[in-house]
Amino acid sequence: MGRRTRQWILGSAAASLAAVVALRPVTVIELENAARGGTARIALQAGESFSITSHHSIYDQPVTEEFVVDADGRIVLKWVSSPSAAVREYFGIVAAGERHAVERTMDQVVFRVAAGVAQRFRAGALEQSFLDHGDHGDRLVMRALRRPAAAHWVSTHFGRTMSPVRGSGS
């Protein structure tokens, strides 16, 4: 096999590998603030959970909601944690203990950026305040998307976003 043939084979293999990586689906959490015309997109690692920590609006006590994205691309609330029995009861949890498993599947989750202590989004090492995505009282809609890695990279580097976003998870 000649040198040019080997170079052509290696080049073709590299191009094929790049295409596979670029088309690999990435799970992305999208936080949309339609009133301000902005959207933040945060890529998750495969199977990675994420959480929202806030102060409950009625009881003014901390609560953490932990989510995953299921195989159908829907957001699933998996755990609720709070030291407050009143907050846990608000979620329909009457058992003792701070952290409880739940199973609530949603196409999207709507939040208002809290008037007091703003909610915090956490995924892996990334942590952002909802104030990074809007002002107190703004409506944020959280959705899960599956996108090709290349499309996610292009939208986070050249698209219209409200804040810095995390990379493609690769």
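Six strands make up an open sheet, running in the order 6-5-4-3-8-9 with antiparallel pairing. Strands here are DSSP runs of E with at least two residues, numbered from the N terminus, and two of them count as paired if DSSP finds at least two bridges between them. At the edges sit strand 6 (99-106) and strand 9 (126-129), each pairing on one side only. From one strand to the next the twist averages 20°, with axes taken as lines fitted to C-alpha atoms and angles running from 0 to 180 degrees between N-to-C directions.

A word on the source: this is a predicted model, where local features need pLDDT of at least 70 and side-chain atom pairs count only at pLDDT 80 or more, while totals for chains, interfaces and linings use all residues. Residues are numbered from 1 along each chain as its sequence is written, and side-chain values use heavy atoms, leaving out hydrogens and water.

| Strands | Bridges | Residues opposite each other |
|---|---|---|
| Strand 4 and strand 5 | six bridges | Glu-65 and Val-80 |
| Strand 8 and strand 9 | four bridges | Phe-121 and Gln-128 |

Now for the turns. The hairpin of strand 3 and strand 4 has six residues between the strands, and Asp-60 takes a positive phi near 50° there. Most residues other than glycine have a negative phi. Asp-60 counts as exposed because its relative accessibility is 52%, where exposed means over 50%, buried under 20% and partly exposed in between (1.4 Å probe, protein chains only). In the hairpin of strand 4 and strand 5, with five residues between the strands, Gly-73 has a positive phi near 80°.

Then there's the largest pocket, which holds about 520 Å³ of space. A pocket is an open set of points on a 1 Å grid over the protein atoms alone, where a 1.4 Å probe fits, with protein on both sides within 12 Å along at least five of seven lines; lining residues have an atom within 4 Å of a point. The volume is the space filled by probe spheres set on the points. Of the 24 lining residues, Ser-54, His-55, Ser-57, Phe-111 and Gln-119 lie nearest the centre of the largest pocket. Strand 3, strand 4, strand 6 and strand 7 (108-112) each give two or more residues to the lining, and strand 7 gives the most, with four. The lining splits into 14 nonpolar, six polar and four charged residues.

Conventions
Ala, Val, Leu, Ile, Met, Phe, Trp, Tyr, Cys and Pro count as nonpolar, Asp, Glu, Lys and Arg as charged, and the others, Gly among them, as polar.
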